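Me: I am new to this structure and would like to know the grounds for the terms used to describe it. Please take them one at a time.

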Amino acid sequence: MKPEALLHPTPAGLFCPIGRFHVDPVRPVERALITHGHSDHARSGHGRVLATRQTLDIMRIRYGEDFCESEQAAEFGELLDVDGVTVSFHPAGHVLGSAQIRIEKDGLRIVVSGDYKRGVDPTCAPFVPVACDVFITEATFGLPVFHHPNPREEIAKLLTSLKQFPDRSHLVGAYALGKAQRVIRLIRDCGYDEPIFIHGALARLCDYYESQGVALGDIRPATIEKKDPGAFKGAVVVGPPSAFQDRWARRFNEPLIAFASGWMMVRQRAKQGGVELPLVISDHCDWPELLETIGEVRPSEVWVTHGREEALVRWCELKQIPARPLHLVGYEDEGD
Amino acid sequence: MKSFSTLLDRLVLTPSRNGKLKLLADYFRDTPDPDRGYGLAALAGALDLKSVKPAMLRELVLERMDPVLFQYSYDYVGDLAETIALVWDGSAKDDTNDAEEPRLSEVVTRMNALGRNEVRSAVRDLLDHLDPSGRFAFLKLVTGSLRIGVSARLAKQALSDMSGHGDEQKPAHSRDVTEIETLWHGLEAPYEPLFAWLEGRGERPVLATPAIFHSVMLANPVEDGDLAKLDPADYAAEWKWDGIRIQMSSYGGTRKLYSRSGDDITGAFPDIVEAIDFEGVIDGELLVGGTLRSNSPTRSFSDLQQRLNRKTVTAKMTDDYPAFVRAYDLLFQGDQDVRAKGFLERRERLSGIIESAPHDRFDLSDLVPFSDWDELDRLRIAPPDPVIEGVMIKRRDSVYQAGRLKGPWFKWKRDPYNIDAVMLYAQRGHGKRSSYYSDFTFGVWTETPEGDQLVPVGKAYFGFTDAELEVLDKFVRDNTVERFGPVRAVRADKDFGFVLEVAFEGLQRSTRHKSGVAMRFPRIARLRQDKLPRDADRLSTLTAMLDAREA
């Protein structure tokens, strides 16, 4: 069987015609397998949804009780039969609950990695290499310029800045699911135990992480009764980056804008975004990790999805590994 | 290198002056000699470092990288030094150890000791031993393109700031920035005696080099009620010419030209420097055109701008835009310090020097006779030359004191021009203003084949109060018609829009702007919610101002 007969791209996303299911579909479908809870991968309105327990919980938090018609939870490593196709979920190390999905039929194995990373992250289960014939990898940071530093060094920059500018509120932009909790956890691991203030958009997800055993310390809502320039002086405030351009941000004293993202590696990106303190902390693989993973998984073929496909495909060609871009649409390349 | 590269990374993204000062002062305090001295030299544009051509850097990176992957990377990043800094490790993780990273001083001394054929391997080796941020700083230094928004003046202010907070056991021994500026041109990297003095560990450095810069005396603007308290008989007045303040310093055969903040601009004005035939230190205005005694006109600031911000200058430039100095004060006569003498006495001595100096390059700033403040006000409002922007008022007996003291010297500028313009675009500000639309592009009406249209004539981001900013920001958010990244276009038609009264100091023709005019120091003077866009000014009003001046 050709791999395309088992799984191929369609406008709705990757589709398995034998098992009659989509993976991370970008429009409502009958049956969806979801890798993780980010909104570009996990959308509401599907018929049946198969995902890890945590991903299902996150979808419920974000979309409400009726986010799908019926749900089924998959344990990591458990073999499930979907209309004669064997599927299993394996940790991807991206965010809480994130999984790679292995799809097998008649000895042909395809792994859809979803988004993944190899760096240490105490807020989710670490990535496990899964042997396969076709490895479908993301390429969000698929350019040789991306080398994510040790995230603790980045947090050290934040803590240094808090000492240098003790009057300024340090606003740390971080996406609401995964990045925000990881950043808070990292700040705690670096020895900071003052209260951390959060934007309302983060509250339920932070509570959920806590319930799953990820301790975030003293976190408080960044709300105020009336305008008080002295409030949040020298405090760490975590919120979605978009909120900092909003009127919401006016409650803070001389805000210093930080942004935790893999994109912060490139100075011009930070400058355009008005970011004063870039923190290069990513939930995706950097270039060396992408190459390392392909080397470890040793697939006979690599398919590259969302991101900078051309560079990764070029590298595979130089290494004589068959590779092709999938050109899937609908996955945000900004979501880190 | 680590502390310097970290500093650069922060400075590039820190918009506020106070923020930059804090980062700089902390760096100077926490970094050991001689590294901080080389860092200071790099920031102040005074670092002498062997340069490397971008072509060689490109060859070095392609030794170890596929050209196609490099091109993808370069296209994405857009800056050669940054691309190389980021891709240098290739598929490996950065494994540099902070403790083993070469220090800035080691990098500088090693580079400067290299022979012609050793550069390539030394650069390769340094790149291997620096982390990505260190590589970026190194590459920017050796390609000579460090652009981080820090002036020499700001670096010196940071030195002054750090000097007050050395050892907490000892009393503060803060050094004034003007004193640092005075010493500056006599010292060289890595400035160890300077730091020792700033930290109270050493004597004030003794200068070996003559023709150094001396900090200048500055004037305060005349404010309401200032003059009523003063007796006009105690003061002399001069025209305030629209050029740039400079200082000529000549001693023992060394002739230098400094800007107001102490930057050495000697190289850009050979026509003036070569004509200096006196010894001493003279304060004056740099202008282009002819001196008063050569009887040809003084030319506008936009002509002068052709000569500014250049390292060297062509013969055609000096022919087309001849520079001269209109002298107005004398600090040293030969090696005699005359700053403690009164203004009129200094001027008398200056007059003698200028009299015998080349007539086409130097003249003496005229005194403007007046008997009372009203008379001076009338002269100020209608000056006899379009390049005059007001009057200077100086106490006849004032000694020459560096800095901006209130009392001895005043500047009384011609009133600004005002027009009513319509807000066209708004952009978010930085820092405190990052949640506000606070930078406004405004336009005036002009006739086109498609009827009247608004054409942009300037951009302003100050002049309004915090309360007014709330009003402006709300208007932008409520009336956005289009977005381009951080910029919003707002609704602006004849019967709906926001009229701004814009004040500005002067007007120039410009080929860079669609409107053909450019304003100097535009700011928002008032919000004119009482007016409709149809009542705003027309471009022809502005061009008429230019025509009138040129006629």
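Reply: This is a predicted model. In it, six residues of domain 2 of chain B are in contact with six residues of domain 3 of chain B.

Me: What makes two residues count as in contact?
Reply: Their C-beta atoms, placed from the backbone, must lie within 7 Å. Six residues of domain 2 of chain B and six of domain 3 of chain B meet that condition across the boundary.

Me: Which helices supply at least two residues each of the side of domain 2 of chain B that touches domain 3 of chain B?
Reply: They are α10 (152–163) and α11 (177–184) of chain B. The largest share, three residues, comes from α11(B). By class, this side of domain 2 of chain B has two nonpolar, two polar and two charged residues.

Me: How is chain A divided?
Reply: Chain A has domain 1 (3–145 + 284–325) and domain 2 (151–279). Their centres, over C-alpha atoms, are separated by 30 Å. The contact takes 16 residues from domain 1 of chain A and 15 residues from domain 2 of chain A. On the domain 1 side there are seven nonpolar, seven polar and two charged residues.

Me: Why are α2(A) and α5(A) called roughly antiparallel?
Reply: Helix α2 (residues 53–63) and helix α5 (residues 203–211) of chain A pack at an angle of about 155°, with their axes 10 Å apart. Angles over 145 degrees count as roughly antiparallel, and therefore α2(A) is roughly antiparallel to α5(A). The crossing of α2(A) past α5(A) is right-handed.

Me: Which residues of α2(A) and α5(A) meet?
Reply: From α2(A) come Asp57(A), Ile58(A) and Ile61(A), and they meet Arg204(A), Leu205(A) and Tyr208(A) in α5(A). By class, this contact has four nonpolar, no polar and two charged residues.

Me: What makes β14 and β17 of chain A edge strands?
Reply: The open sheet of six strands has the order β14-β13-β15-β12-β16-β17 (chain A), with parallel pairing. Strands β14 (219–221) and β17 (277–279) of chain A each pair on one side only. Neighbouring strands of this sheet are turned by 30° against each other on average, direction ignored.

Me: How many residues does each chain give to the contact of chain B with chain A?
Reply: Chain B gives 30 residues and chain A gives 34 residues. On the chain B side, α1 (2–13), α2 (17–30), α5 (67–77) and α6 (80–87) each supply at least two. The largest share, six residues, comes from α5(B). The chain B side divides into eleven nonpolar, ten polar and nine charged residues.

Methods
Residues are numbered from 1 along each chain as its sequence is written. Chains are lettered from A and ligands numbered from 1 in the order in which they are written. This is a predicted model: local features need pLDDT of at least 70, side-chain atom pairs count only at pLDDT 80 or more; totals for chains, interfaces and linings use all residues. Axes are lines fitted to C-alpha atoms, for helices over the stretch in contact, and angles run from 0 to 180 degrees between N-to-C directions. Helices (H or I, at least four residues) and strands (E, at least two) are DSSP runs, numbered from the N terminus. Angles under 35 degrees count as roughly parallel, over 145 as roughly antiparallel, 65 to 115 as roughly perpendicular and the rest as oblique. A crossing is left-handed if the near helix is turned anticlockwise from the far one by less than a right angle, and right-handed if clockwise. Ala, Val, Leu, Ile, Met, Phe, Trp, Tyr, Cys and Pro count as nonpolar, Asp, Glu, Lys and Arg as charged, and the others, Gly among them, as polar. Two strands pair if DSSP finds at least two bridges between them. Domain bounds come from an automatic or database domain assignment.
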